[in-house]
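Welcome, and please have a look at the structure shown here. A short tour follows it.

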Amino acid sequence: MQYCKTVTLRTRPIKNGMLSYYLDFYPGYRDKVTMKTTRHESLGIYIYADPKNKREKDFNEIMTEKAEAIRCRRFESVVNERYDFFDHSKMSGDFLAYFKRVLKNKDPKWKFVYEHFEHFVGGKCRCEEVDFDLCDNFRKYLLTAKNLRNGKPIFINSVAGYWSTFRGFINIAYRDKMIRTNPNDYLEKIPTVPVNKESLTLDELRNLYKTPCEIDVLKRASIFACLTGMRRSDIINLKWEDIRTYADGDKYVEFYAQKTKARNIIPISEEAYKFISEGRTSIRGKVFDGFEIIMAQHPLKRWLKAAGITKRITFHSFRHTFASLQVELGTDLYTVMQLLAHKSVTTTQIYACHADPKRRETASRISSKVLGKDKKAE
């Protein structure tokens, strides 16, 4: 049903014998963030309710012409569905409260970014304050910021990730018309530094599997991550209902990745399925019920140490382990890319460059001619 859009100029009485002009919109405008409907806009224009002399009448005439001019502009905007004239009410809004609403459905990194921004602005920030200078000063703050929980320096790649997340949030705020301009057009990036993505060798993985762990669910989740390449967030949320059966009886995992929201399908071996399902009492609920992020810190380090592994291994390293071992054992990069749900094979190469079959193939091209037997001589 199509509504006839109207913008009507009206007055309401106020004190001291004056009238205040306001606009009445029909239908009302629904704010996409708060979902509240706005029907009226006060113009801040006042006239005498009962003009006593020519001066007051002339004043009323001039003010009425101004109010009517605004009404005409508003009507044109409404007909063309441009509602940016309501932004002034948003501009004075609480930017931190808006930030909190947005991060509810985001990954945990957004919470860290919010906490640092809240600390940076001293717990108060209005939407109208968000401009290039504020954002750029926040960038400078991040470059020297310490962990708000333990006071330790933040690794530069984590800082770059925080800054990238904040810039993404600024794009959302601009799209929602919470800020007038988009500072991202002028803000600098924070570059990352190359890091060695540690992973386990096949022997190290065997040792880890054989080594007892104080928390059984941590061991099952970690080994399963090595066998599938699944992220920690997806491991935590994996349900038994996500494990499906092919027509020939083999198993696979079908889920939507928490990070990318993309649909993933990963075949799993019979051994992997038996490993995670051993001793289970329910066919529903979470596969790794009770597994928490905190377990991937000190309990994981103690388990790795008991297995004789001295590398700097995190839970995410198990995803690297899956990629590198797959390539080492002959799986082509394109297939590994699909299993990891990477958008580009370039990303996959970073995980498994040391095992690239093409690189290994070149190793003997010169040495065999110099150090090996001369076939012609034979």
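The report below goes from the overall chain to a sheet and then to the aromatic rings.

## The chain as a whole

This is a predicted model. The protein chain has 16 helices and six strands, and 40% of its 378 residues count as buried. Its accessible surface comes to about 23600 Å², with 51% belonging to carbon and sulfur atoms.

## A three-stranded sheet

Three strands make an open sheet in the order S4-S5-S6, with antiparallel pairing. Strands S4 (243–245) and S6 (263–268) stand at the edges with a single partner strand each, so one side of each has no neighbour in the sheet. From one strand to the next, the twist averages 30 degrees.

S4 pairs with S5 (residues 251–256) over three bridges. Look for Arg244, whose bridge partner in S5 is Tyr252.

## Aromatic rings

You will find 25 aromatic pairs in the structure. In one of them, the ring centres of Phe120 and Tyr141 are 5.6 Å apart and the planes stand at 45 degrees, so the pair is tilted. Phe120 belongs to helix H4 and Tyr141 to helix H5, 21 residues apart. Tyr141 is buried at 17% relative accessible area, while Phe120 is partly exposed at 25%.

Phe138 and Trp163 form another tilted pair, 6.5 Å centre to centre with 50 degrees between the planes. Since Phe138 lies in helix H5 and Trp163 in helix H6, this pair ties together parts 25 residues apart in sequence. Both residues are buried.

Over the ring of Trp110 sits the charged end of Lys106, 5.1 Å from the ring centre.

Methods:
Residues numbered from 1 in each chain as written. Predicted model: local features only at pLDDT ≥ 70, side-chain atom pairs only at ≥ 80, totals over all residues. Heavy atoms only, no water. Pairing = 2+ DSSP bridges. Helix = DSSP H or I, 4+ residues; strand = E, 2+ residues; numbered from the N terminus. Axes fitted to C-alpha atoms, helices over the stretch in contact; angles between N-to-C directions. Buried < 20%, exposed > 50% of the residue type's maximum accessible area, 1.4 Å probe, protein only. Areas by Shrake-Rupley, 256 points an atom, 1.4 Å probe, with all protein chains shown as cover. Phe/Tyr/Trp six-rings, centres within 6.5 Å; stacked < 30°, edge-to-face > 60°. Lys NZ or Arg CZ within 6 Å of the ring centre and 35° of its normal.
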